[in-house]
Amino acid sequence: MTTQTLYQLAAEQKSAEVTDWSARISWVIGLLVLVAFVYWLMRQGWKWRGNLQSDLPAPATAPEGFADCEKLLTLSGRYHASTTAGQWLDRIVAHGLGTRSRVELTLTAEGLDVVRPGAADFFVPAADLRGARTEKALAGKVLPEGGLLVITWALGDRLIDSGFRSDHSAEHPAWVDAVNHLTSTTEGISR
């Protein structure tokens with residue numbers, strides 16, 4: 001290359017590209033509208049599922065004097081969700097049963113009391129309990145094998161699986177044994 005060519009290349013003026021703020025702002029606004037629309041669709045789906053399950057009766061509340069009953073077991077942990085029994089992805093959202101929350105479970109001979117701060121409490125009479133088992137998944141929540149306590153119970157004419165995770169998962173087998181013993185005792189009495 002000649003010196004003349006190098007001078008010409010050096011003399012060419014190149015300016016930095018100017019940021020097109022209107023295009024950037026338009027893209028950001030468009031993305032925000034898309035996110036808001038997707039959120040709205042998800043919320044509508046949740047409401048639609050609640051309407052489909054509106055035939056489900058409201059769960060019972062703890063009877064008078066329940067606090068005085070002898071406690072078989074207590075558990076502190078998380079309530080994950082309730083689903084149609086045997087269908088781990090068919091979440092029940094009616095009556096607040098689809099809301100995740102902290103939970104305090106109390107099992108007595110009368111039934112299972114589910115106290116959920118920040119969500120609706122409910123009570124499962126002993127006659128409505130159908131059994132318990134440990135699982136690894138429920139309503140989209142996947143945990144290590146046996147990390148979820150699933151209690152099956154009847155609400156009206158529908159069987160429901162409710163998933164709980166204790167703060168100490170070593171408690172799950174004792175709960176499975178106690179609930180299954182209570183259901184077998186209750187079935188024997190009702191016959």
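Start with the surface: the chain exposes about 12000 Å², and carbon and sulfur atoms supply 57% of it (accessible areas come from the Shrake-Rupley method with a 1.4 Å probe, and for residues only the protein chains shown count as cover). Keep in mind that this is a predicted model, where local features need pLDDT of at least 70, side-chain atom pairs count only at pLDDT 80 or more, and totals for chains, interfaces and linings use all residues. Residues are numbered from 1 along each chain as its sequence is written, and side-chain values use heavy atoms, with hydrogens and water left out.

Now the layout. The chain has 3 helices and 9 strands, and from the N terminus on they run α-α-β-β-β-β-β-β-β-β-β-α. Helices (H or I, at least four residues) and strands (E, at least two) are DSSP runs, numbered from the N terminus.

Find helix α2, residues 21-52, where F37 sits. An unreviewed UniProt entry annotates residues 25-42 as "transmembrane region"; its positions are given in the numbering used here, feature names are shortened, and annotations may be inferred rather than shown by experiment. That span is 100% helix and 0% strand, with its end C-alpha atoms 26 Å apart. L31, L34, V35, F37, V38, W40, L41 and M42 make a nonpolar surface patch of about 810 Å².

What about the inside? Buried residues make up 34% of the 191 in the chain, where buried means under 20% relative accessible area, exposed over 50%, and partly exposed in between (1.4 Å probe, protein chains only). A nonpolar core is a set of buried Ala, Val, Leu, Ile, Met, Phe, Trp, Tyr and Cys residues joined through side-chain atoms within 4.5 Å. The largest one has 26 residues, of which L112, I151 and W175 touch the most other members. Helix α3 gives the most to this core, with 5 residues. A second, separate core has 6 residues, including A81, A139, L143 and L148.

Methods. Patch = residues over 30% accessible without salt bridge, like charges linked within 9 Å, V, L, I, M, F, W, Y side chains within 5 Å. Salt bridge = Lys/Arg side-chain N within 4 Å of Asp/Glu carboxyl O.
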